[in-house]
Amino acid sequence: MERDLFVSVLAAVVGDAHVLTDPGMTGGYETDFTRRFGGPARAVVRPGSPEEVAAVVAACAEAGVPIVPQGGNTGLVGGGVPRNREVVLSLRRLASVERVDPVAQQVTAGAGVTLAALQRAVRSERLDFGVDFAARDAATVGGMIATNAGGERVLRYGTMRACAAGVEAVLADGSVISQLAGLPKDNTGYDLTGLLVGNEGTLGVVTRARLRLVPLLPARATALVALPSLASAVELLASLRSLRSLEMAEFMLPAGLSLVCRHTGLPAPFAAPYGAYVLVECADSTSPLDALLSVLSSVPDALVAVDAADRQRLWTYREAHTEAISAAGVAVKLDVAVPLGALPAFVEDLEGLVAGRAVMYLFGHLAEGNVHVNLLAAESPSELSEAVLRRVAAVGGSISAEHGVGAAKARWLGLSRSPASLAAMRAIKSALDPSGLLNPGVLLAD
Ligand SMILES: Cc1cc2nc3c(=O)[nH]c(=O)nc-3n(C[C@H](O)[C@H](O)[C@H](O)COP(=O)(O)OP(=O)(O)OC[C@H]3O[C@@H](n4cnc5c(N)ncnc54)[C@H](O)[C@@H]3O)c2cc1C
């Protein structure tokens, strides 16, 4: 078969070995984790340095070829996989972590560094990274910046936006912007780092990031708490907030917990089922266990981890949800956030809405009112998704809490953004990417 001439242009930049066109090699880059999104790529290109990224993007700009940036491909909204034979720009080879600066408590990491590799590098210096979540072995710094990833410790450390001190990125014309000094004070105009965090690969390709670190806290206390209802979980959160050491409050419901037990072979954690469960973790320089136990003194039941194996088991009840649901089928995933006061009634309302139309599993990050809605065997997925997202908007929530809008929810962005905000976003997009070559169809619908 004749070789696509543009592929030869890319190969001249990154070397033959790093331009993949053989379907046997490209498959893993063309379908996402959910198995709902993806398609064939024109080519997968794997640059090995920021300079090569800039040269690839410049070549695409010159030829008018659209690009889909991709990190670990753990995204859940179809934003990192091709839809119309775009070039997939894989950043995974930008995998170096520079020297940790213990005084500034910062580090510069390449876009392709995985969260787990970042954690290993900074923990060896007795520091830690604030953002953490289950996809840590594959999710990359670039993808986390691009999606403004959140995860399990947002209540203490914020999302990626709070943890990113600066970024280096290649813009759609191949030019490079770089803010890696990590200055805590720098009021020299528009916050381009803030703009690139959450851009979902539509405004620029992140090549490196300057990241804020936090002290590594050696003492942890973890408990799985059983409660009669989600309303009582929200009440418990109010008491938990009095703990300075509180780091994590994740909620689960009985259906999801049973599915996880079946999938993992773990025993049911409590002798009888309860209405809701909260996984709580506190961390400090000295043991936060007594303080945690005093807040939990009046809950109906709780399991408290006494060692690392226990802790891992309690975490698995929560972290295996995504994997267990994926093993049960191809799920429609809607990651939403609602005001905490509205959370229990919202979930009840959703159960009524979905009954008989899909099998639903809900879990999420309690403190942010962040609900991961998973719908299996949905009759009419698009209609049901829209109905759910309209209920979110009706209670003043967000149709995308932490996974991004991607291709999955672009058509519904107007439920969470006013016409004036959408117009401002489109103006930014056309100023930075006038030909619309960066991730077309993602975030802003065509
Ligand atoms: C089991 C599991 C648990 C998860 N838990 C959470 C969670 O708790 N919290 C959470 O926020 N997310 C979670 N996610 C979703 C996902 O891991 C995050 O969205 C993550 O940030 C994606 O990183 P990635 O490197 O895999 O990006 P990809 O999936 O490769 O890409 C995601 C998006 O970012 C863009 N992108 C990727 N790299 C770059 C770059 N260098 N420059 C510009 N754009 C880029 C892509 O174009 C795409 O739009 C979970 C996913 C799984 C599978």
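In what order do the four strands of the open sheet lie? I read the order as S1-S2-S4-S3, with mixed pairing. Two strands count as paired if DSSP finds at least two bridges between them. Strands are DSSP runs of E with at least two residues, helices runs of H or I with at least four, all numbered from the N terminus.

I noted that this is a predicted model, where local features need pLDDT of at least 70, side-chain atom pairs count only at pLDDT 80 or more, and totals for chains, interfaces and linings use all residues. Residues are numbered from 1 along each chain as its sequence is written, and side-chain values use heavy atoms, without hydrogens and water.

S3 runs parallel to strand S4 (residues 87-90), joined by four bridges. Ile-67 stands opposite Val-87 in S4.

Then I turned to the ligand. I found 36 residues around it, and Pro-69, Gly-71, Thr-74, Gly-75 and Thr-140 come nearest. Here "near" means a heavy atom within 4 Å.

A backbone N or O atom of Pro-69 sits 2.6 Å from a ligand oxygen. For Glu-402, a polar side-chain atom is 3.0 Å from a ligand nitrogen. The protein buries 96% of the 980 Å² that the ligand exposes when taken alone; areas are Shrake-Rupley values with a 1.4 Å probe.

Strand S3 (67-70), helix H5 (141-147) and strand S9 (204-212) each give two or more residues to the shell. H5 gives the largest share, five residues.

Methods:
A polar contact is a pair of N or O atoms within 3.5 Å; within protein, one must be able to donate a hydrogen and the other to accept it, and residues adjacent in sequence count only if both atoms are side-chain atoms.
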